[in-house]
Amino acid sequence: MNTNDCSLIEPLLAAYLDGELAPAAAERLDVHLAACEGCRTVLGELAEVDRLLGDDAIPVPTGQEWAAVEWRLLARTRRVFAGRLVRTCALAAAAVALLGALAWLAVRVFPPAGTVDGPGAYTAQGGKTPAGDEETLGISVEHVERF
Amino acid sequence: MNSELDRNVQTDGAATGADAFLRDREDERLVLQFLAGRREAVGDLFRRHRDGVFRIAYRFTGNRDDALEITQDVFMKLIEHLGGFRQGSRFSTWLYRVSVNQTLDFLRRRARLAAAPLSAPPARAAAGAADPARSAERAELRERLKAALGKLSEKHRTAVVLHGVEQLSYKEIAEITGVSTGTVMSRLFYARKRLAELLGDR
């Protein structure tokens, strides 16, 4: 930092005022300010702006107003949570339905070995079990014969 | 220029002390509780941060009722988007960013960014302002400040509001606005210099 160039030093004045300047830079600025009336004037103007901003009190909402806002927030929260629950249930139902469909498809395409032991299927001894409801079992005699 | 300024700014923010750390941890705990399904956590977060959000909105709009409406909108948004809050980042930084954006959106929507502070109805008298002369003086100062702040650019006004109202460090303002600390330093200098000029013109 060139300690004699006011145009380079001025942007640092706000940080100096706010205590945000690195210690080494602040020390160099101290030296410059001691010798430069122009920069001291600018620093005074910045400090005056801060004082005016600090003097302007910001109004505070009443407890009733805050309570009304909080009530509306909690009402919205309940709706958001309810919506999430509905979405979660719908997703769970869809997942169960999908798994069921996949399981049914898997049984149709890749019948488990035990399935042929059902009614109407061939037994290990080469005989045939009594005919059952082929549709509900999912595997027909013809289906087994094809294999 | 700003990288040059960056080198002159302290690297640690003002709000990195033990208190700030504990506040951040408590915020994080409440966010996790909300995400886990505890509705009341929203009320806790609201009570912890409503004043800060309101002050920012008020300083931007200069209007008490608008500021209250914006505060509500900010927390409504929070309910909807808290799931997107990145763990490990500061909740207050995220909330102030939402507050600034929401306030600027509000002002743009009403298309009165420049006119709002001047046309705003007078704020309710602050408690304890019993002296009429003092009260009139405060009212005049308020009007002058509103007019001057209304003439700043959005970027400069944001820096002044975050620093002046919430006493946020340069580092925090940089995180909220997405710029370097050097840029924050520069904006705060030029904004206050402009305010000094505007407030000096009677």
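1. A quick word on terms before we start: helices (H or I, at least four residues) and strands (E, at least two) are DSSP runs, numbered from the N terminus. With that in hand, chain A has 6 helices and 0 strands, and from the N terminus on its elements run α-α-α-α-α-α. Chain B comes to 10 helices and 0 strands, in the order α-α-α-α-α-α-α-α-α-α along the sequence.

2. Some housekeeping. This is a predicted model, where local features need pLDDT of at least 70, side-chain atom pairs count only at pLDDT 80 or more, and totals for chains, interfaces and linings use all residues. Residues are numbered from 1 along each chain as its sequence is written, while chains are lettered from A and ligands numbered from 1 in the order in which they are written.

3. How far to trust chain A? pLDDT is the predictor's confidence in each residue, from 0 to 100. The mean for chain A is 80, with 74% of its residues at 70 or more. Within chain A, helix H5 (residues 134-137) has the lowest confidence, at a mean of 52, and helix H2 (residues 23-35) the highest, at 92.

4. On burial, a residue is buried if 20 or more other C-beta atoms lie within 10 Å of its own, exposed if 12 or fewer, and partly exposed in between, with C-beta atoms placed from the backbone. In chain A, 16% of the 147 residues count as buried; in chain B, buried residues make up 43% of 202.

5. Now contacts, meaning two residues whose C-beta atoms, placed from the backbone, lie within 7 Å. Take contacts between residues at least 6 apart in sequence: in chain A, 39% of them join residues at least 24 apart. For chain B, residues 24 or more positions apart account for 71% of the contacts with a separation of 6 or more.

6. The two chains touch through 36 residues from chain A and 40 residues from chain B. On the chain A side, helix H1 (6-18), helix H3 (37-55) and helix H4 (63-109) each supply at least two residues, and H4(A) gives the largest share, 12 residues. That side divides into 23 nonpolar, 1 polar and 12 charged (Ala, Val, Leu, Ile, Met, Phe, Trp, Tyr, Cys and Pro count as nonpolar, Asp, Glu, Lys and Arg as charged, and the others, Gly among them, as polar).

7. H1(A) deserves a look. There is a kink of about 35° centred on A:Leu12, the bend being the angle between axes fitted to the seven residues ending at a residue and the seven starting there. Its buried residues include A:Ile9, A:Leu12 and A:Tyr16.

8. Of its 60 residues, A:Leu12, B:Ala57, B:Ile173 and B:Leu188 touch the most other members. Helix H3 (residues 40-61) of chain B brings the largest share, 9 residues. Leaving out residues up to four places away in sequence, B:Ala57 touches B:Ala67, B:Ile70, B:Thr71, B:Ser99 and B:Thr103.

9. Most residues other than glycine have a negative phi. B:Gln167 sits in the loop between helix H8 (154-166) and helix H9 (170-177) of chain B, and it counts as exposed because it has 11 C-beta neighbours inside 10 Å.

How values were computed: A nonpolar core is a set of buried Ala, Val, Leu, Ile, Met, Phe, Trp, Tyr and Cys residues joined through C-beta atoms within 7 Å.
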